[in-house]
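Please keep the sequence and the model in view while reading.

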Amino acid sequence: MSNVAIIGAQWGDEGKGKVVDWLASRADIVVRFQGGHNAGHTLVVGNQTYKLSLLPSGVVRGKLGIIGNGVVLDPDALLAEIARVQAQGLHVGPDNLRIAENVPLILPLHPALDRAREAARGEDKIGTTGRGIGPAYEDKVGRRAIRLCDLAEPQTLSNKLDELLLHHNSLLSGLGAPTFEKQPLLDALLALAPKLLPFSEAVWERLDAARADGKRVLFEGAQAVMLDVDHGTYPYVTSSNTIAGNAAAGAGIAPHLIGRVLGIAKAYTTRVGSGPFPTELTDAIGQGLGERGHEFGTVTGRPRRCGWFDAVMVRQAVKVGGIQGLALTKLDVLDGMPELKICTGYDVNGTLMKRLPAAMGAQACAKPVYETLEGWSGTTRGARTWVELPAAAIKYVKRIEELVEAPVALLSTSPERDDTILVQDPFAG
C-alpha cells in the first residue's frame, strides 16, 4: 500500500473535503501541507455538516491529524475551530492532532495588512480572503516570521516582535491603516503558549517513524493547481505552492514518499474571487449551476463563479501537478441538462492554444473553444456503481478522461460520503 496526496485540479472548492474524508478510512495519518484558514472543506456525515479550515479532514474519521510546516497557522482561528467541532461531538486534542513546531503563525497584523492592500488596489484587487495568508508567507520567506516554537522562548519572541513590527507598521502607516503596539501582541502570544505548545512537535520525526512502521499517510492539499503561486493564474493566486510536490517540503518527508497523486475536479468549473475564467457563464445556465450545486465559498460565503468544464486547464493541472488519477465530483449537478460543453482549447487573439497562457493580458482575452455533448435525462445522484449511471453520463466522464489525459479513479455523486463510485483505490499503489 502507498501514500496518497490529494490536490485540487481547478481553482479550489472541488469537493476535496468529502474525498479526503472518504479516503481517510484507508489511511492512518492525514497531513495538511500548505495554505491556511483561507481554505475550507465541507464534510457531510449523516445529519452533521462539518466545516473545516485548518484541521485535517481525517479528524472526522478518528485519524491522527498533522498540520505541517508548510501551513501558516492562525492560533485563534485554530482554537475556535477546535471548539466548534468539539461542540458537534468530535474530540480534538494533542493525542490526535500534532502541529509542526516550525509552523509560521498568523498574527493580527497580517490580516490588517492584507485588507489594507486590497483596499488600496481598488478595482484591481486580487480577491483575497483578507485573512493574512499572503503577508504571513511573506514574513516566512523574509525570515522574520514568528513560529510556534518561539512561544516557548519569551525573550526570542519579544526580540522577533520588534523586527516584525518595524516592518509591518511601516507598511500599514504608508497605506493609511492603524499600526500595532508590541505589548498587547506579546501578551496575547504568551497567553496562547500553554494552549498551543502541547500540540507542537517535530512532525518530520513522526512521519519518518510512520514510514518505518508501514503506515499509510494521506497528504491533504488546500486550494488547487490553478491557484499555485508559480503555476496558477498569477497574480490571482494563493501565496503557497499547491501542487503535490510541495507535500514533501510542507510536511518534512522525502519526495518519493508522497505516493500516488489524486486530483479533484468538479464535473463543471467554479472559481471564487477575481481573476481569469475562460469558461465562465454569466447567463441563466451559470446561475443554474450555482443554485443546484450550492456554490458558495466555505470560508468566505461568497457566491462562486460557475462555468463549463475546462479540459485544457485540468490537463495542464494534471501535467504540472503530477496527477495520476482524477476524482470527479458533483456529476449530479449536471442531471437534466439537455446539452453540455467541454472546453478543448482557447482562441487567444486568433491563435489556438492548448494551454492557459502565463501572461495576464493573454489570460484575460482567452476565448474558449467548445465541444458539445448530449446531456442526460436520468439521474446520477446517489449512484454507487457504473451501471446506475445514464449512458450519456458515462460518455461525458470518458470524454473528460480522454481530454485531460488522466483516468477517473473516483466519482462522487452527492455530498454524502458513501455516494461514491470507486474505480481504482488510490492506496493500491
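In what follows, contact means heavy atoms within 4.5 Å. By that criterion, alanine 366 touches Pro278, Tyr346, Asp347 and Val348, not counting residues up to four places away in sequence. The model is a predicted one.

**The ten-stranded sheet**

- An open sheet of ten strands runs in the order S7-S6-S5-S2-S8-S1-S9-S13-S17-S18, and its pairing is mixed.
- Strand S7 (200-201) and S18 stand at the edges with a single partner strand each, so one side of each has no neighbour in the sheet.
- Strand S2 (residues 29-32) pairs with S5 in the parallel sense over four bridges, and valine 31 stands opposite isoleucine 66 in S5.
- S2 also pairs with strand S8 (residues 217-220), again in the parallel sense and over four bridges; here isoleucine 29 stands opposite valine 217 in S8.
- S5 and strand S6 (residues 97-100) run parallel and are joined by three bridges, with glycine 65 opposite leucine 97 in S6.
- A right-handed β-α-β unit is made by S5, helix H2 (residues 75-87) and S6.

**The two faces of strand S5**

- In a regular strand the side chains alternate between the two faces of the sheet.
- Strand S5 (residues 64-67) is covered on both faces: Leu64 and Ile66 are buried on one side, and Gly65 and Ile67 are buried on the other.

**Nonpolar cores**

- The largest nonpolar core has 108 residues, of which Phe309 and Tyr396 touch the most other members.
- Helix H12 (residues 391-404) supplies the largest share of this core, namely seven residues.
- There is also a second, separate core of 16 residues, and Val4, Val20, Leu218 and Phe427 are among them.

**Helix H10 and glutamine 316**

- Helix H10 (residues 311-321) is largely enclosed by the rest of the structure, because eight of its eleven residues are buried.
- The buried residues of H10 are Ala311, Val312, Met313, Val314, Gln316, Ala317, Val318 and Gly321.
- The N-terminal end of H10 is capped by aspartate 310, which has a side-chain oxygen 3.1 Å from the backbone nitrogen of valine 312.
- A polar atom of the glutamine 316 side chain lies 2.7 Å from the backbone nitrogen of leucine 356.
- Leaving aside neighbours within four places in sequence, glutamine 316 is in contact with Met226, Arg355 and Leu356.
- Glutamine 316 and glutamate 405 are 89 residues apart in sequence, and their C-alpha atoms are 9.7 Å apart in space.

**Two loop residues**

- Threonine 413 lies in the loop between strand S17 (408-412) and strand S18 (420-422).
- The relative accessibility of threonine 413 is 0%, so this residue counts as buried.
- The threonine 413 side chain reaches the backbone oxygen of alanine 383 at 2.8 Å.
- Apart from neighbours within four places in sequence, the contacts of threonine 413 include Lys18, Asp332, Thr380, Arg381, Gly382 and Ala383.
- Alanine 366 is found in the loop between helix H11 (360-364) and strand S16 (367-374).
- With a relative accessibility of 5%, alanine 366 also counts as buried.
- From alanine 366 to proline 194 the separation is 172 residues in sequence and 52 Å in space, C-alpha to C-alpha.

**Cysteines**

- A disulfide is a covalent bond between the sulfur atoms of two cysteines.
- The structure holds zero disulfides.
- For cysteine 365, the closest cysteine sulfur is that of cysteine 343; at 14 Å, the two sulfurs are too far apart for a bond, since a disulfide requires them to be within 2.5 Å.
- Cysteine 149 is partly exposed, because its relative accessible area is 25%, which falls between the limits of 20% and 50%.

Note on methods: Residues are numbered from 1 along each chain as its sequence is written. This is a predicted model: local features need pLDDT of at least 70, side-chain atom pairs count only at pLDDT 80 or more; totals for chains, interfaces and linings use all residues. Side-chain values use heavy atoms; hydrogens and water are left out. Buried means under 20% relative accessible area, exposed over 50%, partly exposed in between (1.4 Å probe, protein chains only). A nonpolar core is a set of buried Ala, Val, Leu, Ile, Met, Phe, Trp, Tyr and Cys residues joined through side-chain atoms within 4.5 Å. Two strands pair if DSSP finds at least two bridges between them. A crossover is right-handed if, with the strands pointing away from the viewer, the path from the first strand over the helix to the second runs clockwise. A polar contact is a pair of N or O atoms within 3.5 Å; within protein, one must be able to donate a hydrogen and the other to accept it, and residues adjacent in sequence count only if both atoms are side-chain atoms.
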